Amino acid sequence: MTKQANHLIHEKSPYLLQHAYNPVNWYPWNDEAFTKAKEEDKPIFLSIGYSTCHWCHVMEHESFEDEDVATYLNEHFISIKVDREERPDIDTVYMSICQALTGQGGWPLTIFMTPTQQAFYAGTYFPKTSRYGRPGFLDVLKNIDFNWNHHRAKVTDITKQIESHFKDLEGIETEGDSLSMAIIQNGVNQLKQSYDPRFGGFGTAPKFPTPHKLMFLLRYDEQTKDKSVQDMVTQTLDHMYKGGIFDHLGYGFSRYSTDEIWLVPHFEKMLYDNALLMISYTEAYQVTREPRYLSIAMQTAEYVLTQLTSPEGGFYCAEDADSEGEEGKFYVFTPAEIIQILGHEKGHWFNEFYNVTEEGNFEGKNILNRLHHKKLELDIKELEACRETLLTYRLERTHLHKDDKILTSWNGLMIAAFAKLYGQTQKMIYLDAASKAVIFIKQHLFDETRLLARYREGESHFKAYLDDYAFLSYGLIELHQSTAEVEYLELAIQLNKEMLDLFKDEAGGFYLTGHDAETLMLRPKELYDGAMPSGNSVAAYNLIRLAKLTGDTLFETEAEKQIQYLAKQVKHYEMNHTFYLIAALFALSDTKELMITVTKQEQIKEILKQLNETPHFNTTLLFKTPENQTQLSKLAPYTKDYPIVDQPTYYLCSNGTCQAPTSSLESLKNIL
């Protein structure tokens, strides 16, 4: 029997296309769906998820592929599907409502709303029929339909209460303090209190990597030399690597661990996690000079280059957790399977090394891990040969679904990661990856007027969100700092000026959507640094760094406004805003501006190599050359006054005071 396609068949989102042959008569988010709902006086069922979400797959199989559920939905509701990664604006609005109504959120996100987009009921995953105290989806549908048709006034009252609640939140004046070191110290103290000294990480299961927490602590450690803070970072990084959240065969990190010891992951691999973890491990290497951290960053980069990089240079979103309908099936092994592939002697040795047992650690099989090892040897020749053999075998299994859309925001984070890694290794493969991604974005994700958010199969779509502007700018600034190429700085400046025009709220902070975007029931403003940092936090960091690099008073003024605004928002919850704390610490610290004049382009690489031997998180760096001096003087007018002489010359300023220039790199390194 041939399946009938629904309205999603013409979409580009892999998530929406997964549902294109459901018997549910899905619509994408568009005027046609809302018009039909109004004409037929039906409530809207809004389902939000993403293509590599395990519980989204479960709910699809149980309910959206079920004829009974589909028949009921099609008769009584207008059903709309949204990819949260394409439309973070819609997701943020209705996730906020779900959290307000239920106290929790997640995906799949289930919303029931009026034809005018006013939500009145929310939840996440529902099984088809009731179990373990969780209402069944069919029961929910029947209850919603009954109340819609027989108690409409009650529904209207709920929508008004929700609308009133969010209007009241907008009007609240925050009483928080202005920026001070107390905010930084509160964040550190909260992280210390929630830290797990046995297995690393923060809080209890499920454990998310939240790498920006580690990035903040590394900067705090650099300034205070608080060894306990550095120990928190290294313990967490070591345990994450040893656990099953890291893929010991194909490399790369899964999204989070379902347990406290980092053993059993939620197997999907996301681009943004791997980008932020690459940065964290690279920065940990900068601080500790422990080679294992650089090796782990490079292994993660290998995964991204082989599995998440498009032929054109953009980076794909994710790989799925499920294959053949089972979560994690692609990744697990039995001892006998490994012995059969590697032979008796090597197989037994490999099983012991990765804790592969007859009992298993995941549904009777084994997730490779090294949690039973105290030391972390990474350079074992025999191990590499076995790994490659097993990886080749594993790749012959059913391939994981890959979400191959390319998001500007997540690509910005990966550009930053490859730029950081290039800065430490000087390996051209990493610089090529970052620069090709920038070229891809310039070619495919800009239209005549502004930046765009998503590319797939030749189509670019959706006006870019705050995160796209902020994360891409972050990547460009890191790429400039690792290469001294002025074009990256120029584009970052352009994007930040556009960001101020499109997203700025005169009352403080930045909205997620531009003033030219579709009007939703709320205009969301995201401040929380969750699995990913918020666009507001990254924007704060970008603005203050651009102020130091360019001397532009516009960036100086806007950076101070943003940092002070966020200082009032984070009080009592500082540990949930750790990327903001990175920006705040930069603002409060003894920052340094280093201007270097050189006569030859090839001198830059050697100077950067030596400077990167130690961390300089609070230093901004500019190179002036005969080739770039005209362009640089337009971006940073103060650079006109620095002469280019026969040998490299270093001009160091700190907090408005400049030291005498020196031509000795060793002297400069000692001062730094």
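## Cysteines, rings and a predicted fold

Cys-386 is buried: its relative accessible area is 3%, and buried here stands for under 20%, with exposed meaning over 50% and partly exposed the range in between (1.4 Å probe, protein chains only). This is a predicted model, in which local features need pLDDT of at least 70 and side-chain atom pairs count only at pLDDT 80 or more, while totals for chains, interfaces and linings use all residues. Residues are numbered from 1 along each chain as its sequence is written, and side-chain values use heavy atoms, with hydrogens and water left out.

Let us stay with the cysteines for a moment. A disulfide is a covalent bond between the sulfur atoms of two cysteines. In this model a disulfide is assigned to a pair of cysteine sulfur atoms within 2.5 Å, and that rule gives a count of two. Here they are together:

| Disulfide | S to S distance | S-S torsion and hand |
|---|---|---|
| Cys-53 to Cys-56 | 2.5 Å | about 80 degrees, right-handed |
| Cys-653 to Cys-658 | 2.0 Å | about 100 degrees, right-handed |

Both Cys-53 and Cys-56 are buried, and Cys-653 is buried too, at a relative accessible area of 11%. Counting bonded cysteines along the chain, the disulfides follow the pattern 1-2, 3-4. Cys-317, by contrast, takes part in no disulfide, and the nearest cysteine sulfur, belonging to Cys-53, is 14 Å away. Cys-317 is also buried, with 1% relative accessibility.

Which residues does the UniProt record list for its domain entry? The record, an unreviewed entry, gives residues 6–165 as "domain: Spermatogenesis-associated protein 20-like TRX"; its positions are in the numbering used here, feature names are shortened, and annotations may be inferred rather than shown by experiment. Helices (H or I, at least four residues) and strands (E, at least two) are DSSP runs numbered from the N terminus.

Now for the rings. The structure holds 40 aromatic pairs, where rings of Phe, Tyr and Trp (its six-membered ring) pair if their centres lie within 6.5 Å, and planes under 30 degrees apart count as stacked, over 60 as edge-to-face and the rest as tilted. One of these pairs is Trp-29 with Tyr-94: the centres are 6.2 Å apart and the planes meet at 55 degrees, so the pair is tilted. Trp-29 sits in the loop between β1 (27–28) and α2 (31–40), while Tyr-94 belongs to helix α5 (residues 88–102), so this pair ties together parts that are 65 residues apart in sequence. Trp-29 and Tyr-94 are both buried.

Phe-440 and Tyr-455 make an edge-to-face pair, with 5.0 Å from centre to centre and 90 degrees between the planes.

What lies over the face of Tyr-50? Arg-84 does, at 5.5 Å from the ring centre; such a charge has NZ of Lys or CZ of Arg within 6 Å of the ring centre and within 35 degrees of the ring normal. The charged end of Arg-84 also sits over the ring of Trp-107, 3.9 Å from its centre.

Finally, Thr-210 lies in the loop between α8 (181–194) and α9 (211–224). Thr-210 is buried at 11% relative accessibility. Apart from neighbours within four places in sequence, Thr-210 is in contact (heavy atoms within 4.5 Å) with Gly-530 and Ala-531.
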